[in-house]
Amino acid sequence: MPASLVAPPASLAPPFTSVSEWIFDLDNTLYPASTGLFSLIDARMGAYISELLGCDAIEARRVQKAHFHTHGTTLAGLMKSHDIDPHQFLADVHAIPLDRIAPDPRLVSGLGRLPGRKFIFTNGDAPYATRVLDALGLSDAFDGLHDIHACDLRPKPNPHGYRLLCDSFGIDPARSCLVEDMAQNLRPAKALGMVTVWVDNGSERGNHDYDQSQVDLVIDNVGTWLEDLLGDES
């Protein structure tokens, strides 16, 4: 997904002065958590677990959230406890309509004007991420996509995926910024030397393990932030 080269603005404010590699989470980061898109995925996860375990919806939700809280993703927990097929699981739970999200002109413009390379780093899989980017009008906005399979199925915040991301795309962490809605996922990025931006917009457990020393900036909307960072388009 090659992104077009753009001329940088006259200057970016600290701590972004030297950033040339921009890494973005996908869900509840490039669109607001208030869209409730993840509730649709949650419902499909519950149905999947109910069928897998032969249990009712209440027990399925308990199991789902226990895995999410303990392992970082429901998938990671189910793979450990039930050896499920990750491809089948991800295809099933991501089979949702995307009519709750739409392009945000500020986000589309901001990403197009942002100097340097841009990447998606997601605990989801590439087919789903591609669908979401298309729905957001961002199908050509990024230079690469690093999904859960590229992380060897070890989800954020496991440092393994961050190292693979940098190795795969030749990313220098010291010139990079990670933008994320889950505060705990910023810790490995900061340890590598990245600038970190937390999108505090109401994600479930978004503030879990929040540590002010690991977060360089807190925002509530990526499009608005990029507009402020890059200045007037004219």
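Guide: Phe 119 counts as buried, because its relative accessibility is 0% (buried is under 20%, exposed over 50%, partly exposed in between; 1.4 Å probe, protein chains only). The model is predicted, so local features need pLDDT of at least 70 and side-chain atom pairs pLDDT 80 or more, while totals for chains, interfaces and linings use all residues. Numbering starts from 1 along each chain as its sequence is written, and side-chain values use heavy atoms, without hydrogens or water.

There are eight aromatic pairs (ring centres of Phe, Tyr or Trp, the last by its six-membered ring, within 6.5 Å; planes under 30 degrees apart are stacked, over 60 edge-to-face, the rest tilted). One of them joins Phe 119 to Phe 169 in a tilted arrangement, with 4.8 Å between centres and 45° between planes. Phe 119 belongs to strand S2 (residues 117–121) and Phe 169 to helix H7 (residues 159–169), so the pair ties together parts 50 residues apart in sequence (DSSP runs, numbered from the N terminus: helices H or I, at least four residues; strands E, at least two). Phe 169 is partly exposed, at 23% relative accessibility.

Strand S2 takes its place in an open, parallel sheet of six strands, ordered S3-S2-S1-S4-S5-S6 (pairing requires at least two DSSP bridges). Strands S3 (144–146) and S6 (217–219) form the edges, each pairing on one side only. From one strand to the next the twist averages 20° (axes are fitted to C-alpha atoms, for helices over the stretch in contact; angles run from 0 to 180 degrees between N-to-C directions). Helix H9 (residues 222–230) packs on this sheet, touching S1 (21–24), S4, S5 and S6, and its direction makes about 160° with that of S1 (contact is heavy atoms within 4.5 Å).
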